Every structure is written in C-alpha cells, then in structure tokens.
Amino acid sequence: MGRRRAGRGPGAGGGRARRPVGRSLEAFTEEVGAALRASLEAEAAGDESRPGAAGLPCPLAMWELGHCDPRRCTGRKLARLGLVRCLRLGHRFGGLVLSPVGAQYVSPADRQLVAQSGVAVIDCSWARLDETPFGKMRGSHLRLLPYLVAANPVNYGRPCKLSCVEAFAATFCILGFSDLAVILLRKFKWGKGFLDLNRQLLDRYAACSGPEEVLQAEKEFLASAKESPEEEMDPFDVDSGREFANPNRPQGGTWLSPDSGDSDEDEPEERGPAAEDGAGSGRSSSCPEEEEELGRGAKAGTPEKVWKGIRRRQRD
C-alpha cells in the first residue's frame, strides 16, 4: 500500500504560503494600500530600519554586480531592509525585468504581470555597461523605462540615469501603484524629490494603455521641451539668473528703490548738504528716537534745530 501524500496547502509542513495564481488587480490594490499603512505605522513606531518591518505585496529583486559604492547604493539599502532579494548571475526572474537591453517600454499593460510576479532591476554602473553580462541575467519580460530625470545625489538632473530605487518607483507609478513607490522612496531623504521632479511625465505615462502610447508620449514631451527650452529649468540652479534660483541671493529688480516710501531698508549715512536739505524725500529712519524728535520739531515749527542734532549724531 502506498503512503498517503501530504497536502500542499498553506499550512502544510510549515512552508511559506504561495500567492494565489491569477489574483485580481483589485485584491492587489488593496494589499498595496495595506502595505503603505503598515510602512507608515512602522515609521511612526521607529521600526522602519528593522528588516521585513513592512512587506510588499509583490516580490522585488536585483542582480547586484558590485559596481557601485556600497554607501550610496540604493539597491543594497533596500536589500538590507528586507524589501529586495538579491539574485545571482544565471538566475532567472519570472516577473518584469528592467534592463538596458529590453525591447519595449514599461506600460500599464504590465500591471497584471507585476502584481503576480514582481519587478527586478540590474544594479550596475552606467559607466560600465559594456562589461555587464546582461546575458546571465535572464528573464522573459525585459522592459525599458521611458525618459525620466534622476533625483539621486550622484546623478541629480541627468536624464535616464536612475538609481535602483528610482527605477522601482518609476515602474510602480507608471503601472498605477504609486503607493509602492512612496514606500520605497520614503527610505531616502531625497526620495520625494524624484516624484516632484517627474510628476508631469509619470502622469503622462500612467495615462497610456500600452508601450506604443508610452513611446509616443515620450516623443511628444521631448519635442515640446526642444521647442521651448526656457520653460524647462532647474529651480535649484543658482546660476540661472531667475528670481527664485536662490532665496538667499537678492536678484535684480527684487528690491524697492531707495526713494520708495514702502521701503524698510536703511539708507547710507554718507549724505551731502544737498541731500540733507531734502527733508520731504520720503526717507524713513531706522531709529525710532529720530522719528519722534522729527515729529516734535515739525510741530514746534523749528526743523533747523532738529537737523542740527541729527547731523551732530552722524558726525559722532
């Protein structure tokens, strides 16, 4: 008599429960919202640095080639937090794989694929793409990211040179799972800047239905940016000459003229005799005592004595 085969249910043998095959996007969206709430609660409790403090509803993975500085590598930080699984060369990933050798763009058409099988990235240096063994990082769904601007400290402002966490976040935003992008980017001080810098583009891509529309949206954006380059500027560029380039540096035209009655700025103390005679020039004094004395002198009808006292204090 043969032995009875043990069941393979979720609780059989203490094994880890598998995700249900073909789960709906509605159920996945609910899990995304729950993951964000759990992440915020962990941050509030001070447990955000504990590995696995807030799990994600889909697997994230990366092939790590050791090209980057470990102190600045965003992928390694996510791995230390238990949010990303590291893959070895030769391992296959069944979900969406972000790769420079991909043939089509990420699009909302990949939502079901990511909800079921997750996302993987290749953590390599942009300066060493020629020596990266992309053939050993296998996957059936290779994808490219459309035009986006990096916000990480290493490549800030450079088009398309995204870090690992930015690549994950961009994919989730395009697919309509922006809460997952928020979970990942909140692990970095500059993370919110990536969403702010690319909000218009991410919304355009998320409104598309397939990779062809994403490509068309990218072309239209680049064409419009080329036609009107003045409208595209970095608000943190201190040499741009714009009024809001540096809030600590006064720009031309931002100060009122010295003869304006609304100005609170002090005037220079060096004044010639002709200037001293202009008592009605609208100049405001920075000293309350002088203003009070001027008022009393005007009422008494002897302004000359007042001006003599002012000139005496200026000489002293």
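**Aromatic pairs and model confidence**

The count of aromatic pairs here comes to 3. One of them is edge-to-face, formed by Phe28 and Phe177 with 4.8 Å from centre to centre and 70 degrees between the planes. Do keep in mind that this is a predicted model, with an average pLDDT of 74 for the protein.

**Ring contacts**

- The Phe28–Phe177 pair links distant parts of the chain, 149 residues apart: Phe28 belongs to helix H1 (residues 25–44), while Phe177 sits in the loop between helix H4 (164–175) and helix H5 (178–185).
- Both Phe28 and Phe177 are buried.
- Tyr147 and Phe221 make a tilted pair, at 5.9 Å centre to centre and 40 degrees between the planes.
- This pair, too, links distant parts of the chain: Tyr147 is in the loop between strand E5 (138–143) and H4, and Phe221 is in helix H7 (residues 211–227), 74 residues away.
- Tyr147 counts as buried because its relative accessible area is 19%, under the 20% cut-off; Phe221 is buried as well, at 9%.
- Over the face of Phe188 lies Lys77, 4.6 Å from the ring centre.

**Overall picture**

- The protein's secondary structure comprises 10 helices and 5 strands.
- Of its 316 residues, 35% are buried.
- The protein exposes about 19700 Å², and carbon and sulfur atoms supply 49% of that area.

**Where to read with care**

- A pLDDT of at least 70 is reached by 62% of the residues.
- Residues 1–18 have pLDDT below 50, and this stretch has 3 contacts beyond near neighbours in sequence.
- Residues 244–302 also stay under 50, with 44 contacts beyond four places in sequence.
- Where pLDDT is low, predicted coordinates should not be read in detail.

Definitions and conventions. Residues numbered from 1 in each chain as written. Predicted model: local features only at pLDDT ≥ 70, side-chain atom pairs only at ≥ 80, totals over all residues. Heavy atoms only, no water. pLDDT = per-residue confidence, 0-100. Contact = heavy atoms within 4.5 Å. Helix = DSSP H or I, 4+ residues; strand = E, 2+ residues; numbered from the N terminus. Buried < 20%, exposed > 50% of the residue type's maximum accessible area, 1.4 Å probe, protein only. Areas by Shrake-Rupley, 256 points an atom, 1.4 Å probe, with all protein chains shown as cover. Phe/Tyr/Trp six-rings, centres within 6.5 Å; stacked < 30°, edge-to-face > 60°. Lys NZ or Arg CZ within 6 Å of the ring centre and 35° of its normal.
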